[in-house]
Amino acid sequence: EYTPDQQLDNNNFFGQIRVANPALKPETSQNWDFEIAYYTDSGGKATISYYTKDVKNATQDLTAIDSTPGFAQTIAALGLSPEDYANWRMVTSANALGVQNTSGWEFFVSQDFGILGDWGRRFSAFASFAMTDFPPPSPVEPYTLTNPDGTTATITPIVSPVATLRADRFGGAGLQYSGNRFSLQLRGTYK
């Protein structure tokens, strides 16, 4: 059950019940990564990378609320009273349909400060930027859940627009100190 502050952060639902799905298939993927790197004589490095990933049976969370078909039946099958769970949500997982492809580019540069002497080699600066092409969300279809008591319930998931918001551009930069037994990093990120 959520506290009042948590309710505000969770679309005003009173709480959440997570239902395990023993029928989940394992995710499998085929990945290809390519990278070109250039190393400078002064301790610098610049890389350009491209990657592509095909994921089969990707796991996705599905949410049903108390007013969607199957919610009351599943709550009752769990030995709970549906009336006690008004304005709650139920979350389960299912495998996405088809193969999802994600691909993108990554750029990275780094340079140590060895030009300032031996002590300068312990300090370095770095920056990175990534661009990713995410697949669209998998189609949402009714999902048949086998309840703990052996009955089945069909849940029609809802898709929250917040769940599909993802940063497809990401950058970072920072400074790093590396000693014999101690390292410290100051990093900033952009999404």
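Which residue in strand 5 does isoleucine 17 stand opposite? Isoleucine 17 stands opposite methionine 90.

## The model

This is a predicted model, in which local features need pLDDT of at least 70, side-chain atom pairs count only at pLDDT 80 or more, and totals for chains, interfaces and linings use all residues. Residues are numbered from 1 along each chain as its sequence is written, and side-chain values use heavy atoms, without hydrogens and water.

## Overall make-up

The protein has two helices and 11 strands. Both are DSSP runs numbered from the N terminus: helices are H or I with at least four residues, strands E with at least two. From the N terminus the order is α-β-β-β-β-α-β-β-β-β-β-β-β.

Of the 191 residues, 31% are buried (under 20% relative accessible area, 1.4 Å probe, protein chains only).

Three strands form an open sheet in the order 1-5-4, with mixed pairing. Strands pair if DSSP finds at least two bridges between them. Strand 1 (15–19) and strand 4 (59–65) are at the edges; each has a single partner strand, so one side of each lacks a neighbour in the sheet.

Strand 1 pairs with strand 5 (residues 88–95) in the parallel sense, over five bridges.

## A surface patch

Ile48, Trp105, Phe107, Phe129 and Tyr190 make up a nonpolar surface patch. Together they have about 490 Å² of accessible area (Shrake-Rupley method, 1.4 Å probe). Patch residues have over 30% relative accessible area and no salt bridge, and nonpolar side chains are joined within 5 Å. A salt bridge puts a side-chain nitrogen of Lys or Arg within 4 Å of a carboxyl oxygen of Asp or Glu.

Tyrosine 190 lies in strand 11 (residues 183–190). Its relative accessible area is 53%, and exposed means over 50%, so tyrosine 190 is exposed.

Methods
Patch = residues over 30% accessible without salt bridge, like charges linked within 9 Å, V, L, I, M, F, W, Y side chains within 5 Å.
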